[in-house]
Every structure is written in C-alpha cells, then in structure tokens.
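Please look over the sequence and the model shown here before reading on. The paragraphs that follow go from the DNA-facing surface to the relation between the chains and then to the core.

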2 protein chains.
Amino acid sequence: MICFALYSATHAMQQAYRPLLDPLGITYPQYLVLSVLWAAEAPLTVSGIGGALYLDSSTITPLLKRLETAGLVVRNRNPHDERMVHVSLTDTGRELKVRAAHISVCIFEKTGLDVDALERLHTEVSELGERLRTASKPELQTASRDASIQKVTT
Amino acid sequence: MICFALYSATHAMQQAYRPLLDPLGITYPQYLVLSVLWAAEAPLTVSGIGGALYLDSSTITPLLKRLETAGLVVRNRNPHDERMVHVSLTDTGRELKVRAAHISVCIFEKTGLDVDALERLHTEVSELGERLRTASKPELQTASRDASIQKVTT
DNA sequence: TGCAATTAAATCGCGCGCCATATAATTGAG
DNA sequence: CTCAATTATATGGCGCGCGATTTAATTGCA
C-alpha cells in the first residue's frame with residue numbers, strides 16, 4: 001500500500017526542513033501556520049488557520065501560544081464576537097517571512113525532481129488526500145471545502 | 001510545494017485507518033510494527049523493526065511496551081548478546097493478522113484509485129522519500145539501505 | 001424576552017517522533 | 001588482558017495531533 005510510503009516520506013520531508021527551520025527557531029507545523037498568516041491580508045481566527053491546515057483548535061491553540069511566546073504572533077479576542085480569537089503577525093513575525101524565503105527552493109532541490117514532475121506529484125497527492133478526507137469524514141457528503149478557507153501553497 | 005500535500009494526505013490516511021484499527025485496539029504506527037513482525041519469519045530486534053520503518057529506539061521501545069501490555073508481543077534479551085532485544089509475536093498477536101487482513105482492501109477502496117495508478121503513485125512517493133532521506137541524512141553518501149532490512153509492504 | 005442549541009476556543013489525556021543523553025554489553029587496539 | 005570506543009536499547013523532555021470534554025459567547029426559536 002501507498003500508506004507507509006506517504007508516512008515515511010512525510011517524516012523524511014520534515015527532517016529535510018529541520019536544518020532550515022532550526023536557525024529560525026520554529027518547527028514545521030509552526031512554519032505551516034506562519035505560511036498561512038504570511039499569505040493572509042487580514043488577521044485570521046484559530047479555526048481559519050485550522051481549516052486551511054486541516055487541524056483543529058486542540059492542535060492550533062497550543063502552537064499559537066508558543067508562537068506568541070516567541071514573539072511572532074499576537075492573539076486578541078474579536079470585540080464583536082468574543083468567542084473568536086484574531087491571530088496577527090508581529091513585526092518580528094513578518095520579518096521572519098524574509099528569512100524563510102529561501103526554504104522552499106532548498107527543499108525543492110532536495111527532492112531531486114524537476115518542476116513538472118513535482119507539480120504532477122503534488123496534484124496527485126493532494127487529490128489522494130482530498131479523497132481520503134471525504135471518505136473518512138462525517139456522513140454529510142462534503143460539498144468540497146468551504147471556499148472562504150485559503151489554500152496553503154507552501 | 002508538495003510538502004503540505006504530503007503532510008495532510010498522511011494525516012488523512014491515518015484518519016482513514018482509524019475506524020478500521022480502533023476495533024483491533026491498535027494505532028497506525030502499532031499496525032506498522034505488527035506488519036513488520038507478521039512478515040518476518042524470525043523474531044526481530046528493536047533496531048530491525050526501526051530500520052524497516054525509519055524510526056529509532058526512542059519511538060519503538062515505548063510502542064513495543066504498549067504492544068506487550070496489550071499481549072500482542074513479547075520481548076526477550078538475546079542470550080548471546082544481552083544488548084539486543086528479540087521481539088516476537090504472541091499467539092494473540094499472530095491471530096490479529098487475520099482480523100486485520102481486510103484492512104488494506106478497505107483503504108484501497110477509500111483511495112478511489114485503480115491498482116495501476118496507486119502503484120505508480122506508490123513508487124513516486126517512495127522514491128521521493130528515499131531522496132529526501134539521503135539528502136538529509138549523515139554526510140556518508142548512503143549506499144542504499146542495508147539489504148538485510150525488510151521492506152514494509154503495508 | 002428566555003433559554004436551549006449552537007459555535008469558537010481552550011483544556012486534558014495519550015500516543016507518537018525525535019533529540020539528547022544514559023545505561024549496559026561487547027569489541028578491539030595496544 | 002585492559003580499558004577506551006562502539007553498539008543496542010532505554011529514558012527524559014518537548015512539540016505535535018486528535019478524541020473527548022469544558023468554558024464562554026452568541027443565536028434563534030417559542
């Protein structure tokens with residue numbers, strides 16, 4: 001089955017990121033969350049970030065607290081609806097985008113694939129993920145993810 | 001980049017396994033370890049299992065303890081070299097192989113792919129993992145994984 | 001309006017993964 | 001033969017992920 005291949009390739013990928021992210025003091029999941037924030041024009045909510053990454057608040061909340069401790073983001077309750085938390089980048093958090101700009105090229109090189117092959121593989125893996133997600137998720141036949149949720153392009 | 005696609009597809013895949021593995025009382029990583037043991041003719045060492053799954057003893061040891069508590073495996077020190085631990089299946093552990101036999105077909109169906117497409121994707125993802133692994137790992141230009149280590153075919 | 005449903009985050013528990021380190025057994029150079 | 005290196009496993013700490021539950025705010029229906 002393809003499952004172990006995915007599993008181990010994902011671990012290998014995270015290991016490939018490690019030497020690039022260590023100098024920035026962030027982990028790969030933190031890099032993903034920051035990528036979502038870097039791409040967003042306005043502050044995002046916890047569930048907005050989680051929706052983009054298919055993660056829920058029990059994963060995102062503690063991660064955001066670590067990013068906040070690191071001085072990269074701030075969190076404030078939405079004054080119009082106190083249930084929600086707006087997550088915004090600090091100046092330091094925005095600056096990190098520049099310091100991280102080289103990373104995707106470095107990873108691209110580590111894959112040893114050309115742009116076309118990578119693009120094809122990306123599409124196939126994304127579609128597989130999408131099918132597995134709808135195959136598992138709640139019985140409500142998901143009408144594809146809500147359009148308001150951003151795509152992650154890391 | 002393909003990275004997030006891999007990351008989220010892997011999570012989706014593990015979610016797809018969950019309803020199938022829950023009745024057996026095991027997790028996906030435990031299923032992987034058991035798959036390695038099911039495929040082996042003789043008892044394996046901790047590093048033998050870890051080598052097959054690209055995991056080290058700090059991950060495998062506690063997982064094996066849980067499998068041992070569940071009565072699925074037993075661990076004994078190799079009398080000829082007390083540093084090593086031989087991991088063997090119990091009868092219960094062997095019986096579980098039968099109860100798990102349907103799982104790969106169920107997952108195959110959830111992928112929505114035909115055998116050929118899945119085979120191709122499997123090969124490409126495996127090769128990507130392999131390249132990322134050698135790109136990251138120790139400076140010694142790895143001469144491909146030691147032939148004595150089994151392949152995982154889950 | 002009143003109050004039960006719903007919604008958004010947060011919290012808790014647990015099982016990974018992995019780094020760094022520790023412990024114990026074996027090997028090998030001198 | 002000795003003792004420093006090496007090897008195999010185990011342990012501790014930390015950051016995910018996720019199920020289950022909790023807390024707090026908002027909504028909507030009677």
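How many nonpolar, polar and charged residues does the surface near DNA strand C have? In this predicted model, that surface has 11 polar residues, together with 6 nonpolar and 6 charged ones. Of the 23 residues around DNA strand C, those that come nearest are A:Thr45, A:Ser47, A:Ser58, A:Thr61 and B:Ser58. Two or more residues each are given to this surface by α1 (2-21), α3 (46-53), α4 (57-69) and β3 (81-89) of chain A, and likewise by α2 (28-39), α4 (57-69) and β3 (81-89) of chain B. The largest share, 4 residues, comes from α4(B).

The relation between the protein chains comes next.

From here the reader may turn to the interior. In soluble globular proteins, nonpolar side chains tend to be buried together. The largest nonpolar core of this model has 74 residues, and those with the most contacts inside it are A:Leu6, A:Ala9, A:Val33, B:Leu6 and B:Ala9. Because domain 1 (27-99) and domain 2 (102-135) of chain B both give residues to this core, it lies between them. Leaving aside residues up to four places away in sequence, A:Ala9 touches B:Leu6, B:Val125, B:Leu128, B:Gly129 and B:Leu132.

Terms used. Residues numbered from 1 in each chain as written. Chains lettered and ligands numbered in written order. Predicted model: local features only at pLDDT ≥ 70, side-chain atom pairs only at ≥ 80, totals over all residues. Core = buried A, V, L, I, M, F, W, Y, C linked by C-beta atoms within 7 Å. Buried ≥ 20, exposed ≤ 12 C-beta atoms within 10 Å, placed from the backbone. Domains from an automatic or database assignment. Contact = placed C-beta atoms within 7 Å. Near = placed C-beta within 6 Å. Nonpolar A, V, L, I, M, F, W, Y, C, P; charged D, E, K, R; others polar.
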